[in-house]
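Please look over the chain shown below with its strand pairing in mind.

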Amino acid sequence: MYTDPIADFLTRIRNAAQASHKVVEIPASNLKKEITKILFDQGYILSYKFEDSAVQGTIKIALKYDKDTKESVIKNIQRISKPGLRKYAGATKLPRILNGLGVAIVSTSKGVMTDKQARQLNVGGEVICYVY
């Protein structure tokens, strides 16, 4: 049993990228599926597939690597808001990661989105993680 399933999700991706695995399997949830879609849209992962075989289902993520250096595209993926200490930010106080080169994933009242989209819609929320 996990106390923080989102941290487990991010750690599995981080560990698979450091070990140069091509695919990583993760137990599914709706929030994890939304984060996976954002990672794909932002170009951090190659592809993903949702499988509803078991009770919970799984997410298969194909990791993306640089063609020349064989390094992972994801340099760092870090959990910000934890179950013991939630981090919230208003629309004007949303963090900018590496001057806009990275992405902060935010859970808002209008769904899970990037910090840039949240600024455009002028909504704040819980800062889930940073990816760069």
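In this predicted model, Tyr 88 has Glu 126 of strand E8 as its bridge partner, and strand E5 (residues 88-89) pairs with E8 in the antiparallel sense over two bridges. Two strands are taken to pair if DSSP finds at least two bridges between them, while helices (H or I, at least four residues) and strands (E, at least two) are DSSP runs numbered from the N terminus. Residues are numbered from 1 along each chain as its sequence is written. Because the model is predicted, local features need pLDDT of at least 70 and side-chain atom pairs count only at pLDDT 80 or more, whereas totals for chains, interfaces and linings use all residues, and side-chain values use heavy atoms, with hydrogens and water left out.

**Strand E8 and its partners**

- Strand E6 (residues 103-108) is joined to E8 by six bridges and runs antiparallel to it, with Ser 107 having Glu 126 as its bridge partner in E8.
- Strand E4 (residues 77-79) is also antiparallel to E8, to which three bridges join it, and Arg 79 has Cys 129 as its bridge partner there.
- Seven of the seven residues of E8 are buried, so this strand is largely enclosed by the rest of the structure; buried means under 20% relative accessible area, exposed over 50%, and partly exposed in between (1.4 Å probe, protein chains only).

**Overall fold**

- The chain has three helices and eight strands, which follow the pattern α-β-α-β-β-β-β-β-β-α-β along the sequence.
- The radius of gyration is 15 Å, close to the 14 Å that the globule rule gives for 132 residues, so the chain is as compact as a globular protein of that length; this radius is taken over C-alpha atoms, and the rule is 2.2 Å times the number of residues to the power 0.38.
- Of the 132 residues of the chain, 42% count as buried.
- Among contacts (heavy atoms within 4.5 Å) with a separation of 6 or more, 59% are between residues 24 or more positions apart.

**Two loop residues with positive phi**

- Most residues other than glycine have a negative phi.
- Ser 20, in the loop between helix H1 (5-18) and strand E1 (23-27), has a positive phi of about 60 degrees although it is not a glycine, and at 48% relative accessibility it counts as partly exposed.
- Asn 122, in the loop between helix H3 (115-121) and strand E8 (125-131), likewise has a positive phi, near 60 degrees, and is exposed, with a relative accessible area of 56%.
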